[in-house]
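Here is a short note for a colleague who is opening this model for the first time. Please read it with the structure in view.

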Amino acid sequence: MNGGTAMNGGAAMNGGTASAATPLLVAEDLHRRFGGTVALAGASLRVDPGEVVAVMGSSGSGKSTLLHCLAGIVRPDGGRVRFDGRDLAALSDAARSALRREAFGFVFQFGQLVPELTCLENVALPLRLARLGRREAERRATEWLTRLEVADVAGKRPGEVSGGQGQRVAVARALVTTPRVIFADEPTGALDSLNGERVMRLLTGAARETGAAVVLVTHEARVAAYSDREVVVRDGRTRDLESVA
Amino acid sequence: MYTPRVYTVCIVVRVSIGQTFLGLLEASPRHGYDIKRLYDERFGHARPLAYGQVYATLSRLLRGGLVEVEAVEPGEGPDRKRYAITHAGVTDVRRWLSTPEKPEPYLQSTLYTKVVLALLTGRDAADLLDVQRAEHLRLMRELTRRKRDGDLAEQLICDHALFHLEADLRWLELTAARLDELSATVRR
């Protein structure tokens, strides 16, 4: 999760280290195979600070693999990913893990909250992992639960809340360390239209307030419409729709 | 919603017959009768074009310098003219095919025609679909912004438009996935 530098730097660091002309995250000519299956075959992407980019594509197009490569979760077989000018492949595993904790936030389709912890503890967890004191961590977690309109479920465990509430808790957890990039993989995939819209409104609204960039993987056009720009992945290759319009 | 009648009416009302003719002529020069037959087969379905409409359209295209009479051949009745597209006509078709349509309901008929003509004339139909997709998404972003800042009535109105646009986009995606199949059918 997030913590450390981003937590200490707070919102001030978001977008502050790079000008609008300098990309925050750049993927160039990424290739990745899983056994005999080609997932990426020359995918490229650029994300500017504070930008919300939707990565669209059908099932199996390679969009989730692209997100995992961008986030340093999966190593590409070819090509490179640079975050804030740093080549992710040149970083040690420990340095990459630290980067994911400190500068990245994650929202997945099924929340992936820790079932034994309360919602408040789940949101405070990244701050606790970054060695912030319990009281301060829970104070910040409460603030984010309130912003995400789920303060009332703070004391409940994930199994006791609705899908929509759980997903908003997951968004709060992704945002609590004020990351510079939020990676959201089908964040509304398990929700109905109304809850999906609410999650997207709150996610993109909070990201814009804090200056975080968002890489949003989705196959739903109405979800992608919350972005500034769409990129389509087909057969492992990217196409920026801005370039054809 | 898209019953054969609605679909056919939409094609006749919405699609530019002149530009469809030009697209058919770009593939090869044809007599007026052949143009009508091809049009009816591919785009007219249960509602064929009237001959008067065919020749009025061809006259208009001739006056505009978009087609020319390539040959006049004697027939049983009046002489048969064979029409060919001019450079200006090709330019006109290219411009029409590369310009996205304003997103609106019943768009599929026009888009279908464009895709078929792109395939018939050897153009990149996937590109055409992507251009349209970008235009749809641009409007969807705009509606989403309006919805975010609007009251409940505004939100509901925008939602209605967004769901329609989303349906169009699904069609665009499905068609893009079936281009090879459609191409084989069109060229048969």
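How many residues of chain A are in contact with how many residues of chain B?

1. **The interface.** 12 residues of chain A are in contact with 16 residues of chain B. Two residues are in contact if their C-beta atoms, placed from the backbone, lie within 7 Å. On the chain A side, helix α8 (residues 221–224) gives the most, with three residues. That side of chain A divides into seven nonpolar, one polar and four charged residues. Here Ala, Val, Leu, Ile, Met, Phe, Trp, Tyr, Cys and Pro count as nonpolar, Asp, Glu, Lys and Arg as charged, and the others, Gly among them, as polar.

2. **Ground rules.** This is a predicted model, in which local features need pLDDT of at least 70, side-chain atom pairs count only at pLDDT 80 or more, and totals for chains, interfaces and linings use all residues. Residues are numbered from 1 along each chain as its sequence is written, while chains are lettered from A and ligands numbered from 1 in the order in which they are written.

3. **Chain A overall.** Chain A has eight helices and 10 strands. Helices (H or I, at least four residues) and strands (E, at least two) are DSSP runs, numbered from the N terminus. Of its 245 residues, 50% count as buried. A residue is buried if 20 or more other C-beta atoms lie within 10 Å of its own, exposed if 12 or fewer, and partly exposed in between; C-beta atoms are placed from the backbone. Take the contacts in chain A between residues at least 6 apart in sequence: 75% join residues at least 24 apart.

4. **Strands of chain A.** Strand β1 (residues 25–34) of chain A runs antiparallel to strand β4 (residues 78–83) of chain A, and five bridges join them. Two strands pair if DSSP finds at least two bridges between them. A:A27 has A:V81 as its bridge partner in β4(A). β4(A) is also joined to strand β5 (residues 86–87) of chain A, antiparallel, by two bridges. There A:F83 is partnered by A:R86. β4(A) and β5(A) form a hairpin with two residues between them. A:D84, in the turn, has a positive phi of about 50 degrees.

5. **Helix α3 of chain A.** Which residues of helix α3 (residues 93–103) of chain A are buried? They are A:L99, A:R101, A:E102 and A:A103. They lie on the same side of α3(A), because they cover an arc of only 170 degrees around the axis. The arc is that of the directions from the helix axis to the C-beta atoms. The face turned away from the buried side carries the exposed residues A:D93, A:A94 and A:S97.

6. **Two loop residues of chain A.** A:R131 has a positive phi near 70 degrees, though it is not glycine. A:R131 is found in the loop between α4 (119–129) and α5 (134–147) of chain A. A:R131 is exposed, with 10 other C-beta atoms within 10 Å. A:E149 also has a positive phi, near 65 degrees. A:E149 lies in the loop between α5 and α6 (163–175) of chain A.

7. **Chain B overall.** Chain B has nine helices and three strands. Along the sequence the pattern is α-α-β-α-α-β-β-α-α-α-α-α. Of its 188 residues, 30% count as buried.

8. **The sheet of chain B.** The three strands form an open antiparallel sheet in the order β1-β3-β2 (chain B). β1 (30–31) and β2 (67–73) of chain B stand at the edges with a single partner strand each, so one side of each has no neighbour in the sheet. Six bridges join β2(B) and strand β3 (residues 80–85) of chain B.

9. **Helix α3 of chain B.** In α3(B), B:I35, B:K36, B:Y39 and B:F43 are buried. They share a side of α3(B), because they cover an arc of only 95 degrees around the axis. The face turned away from the buried side carries the exposed residues B:Y33 and B:E41.
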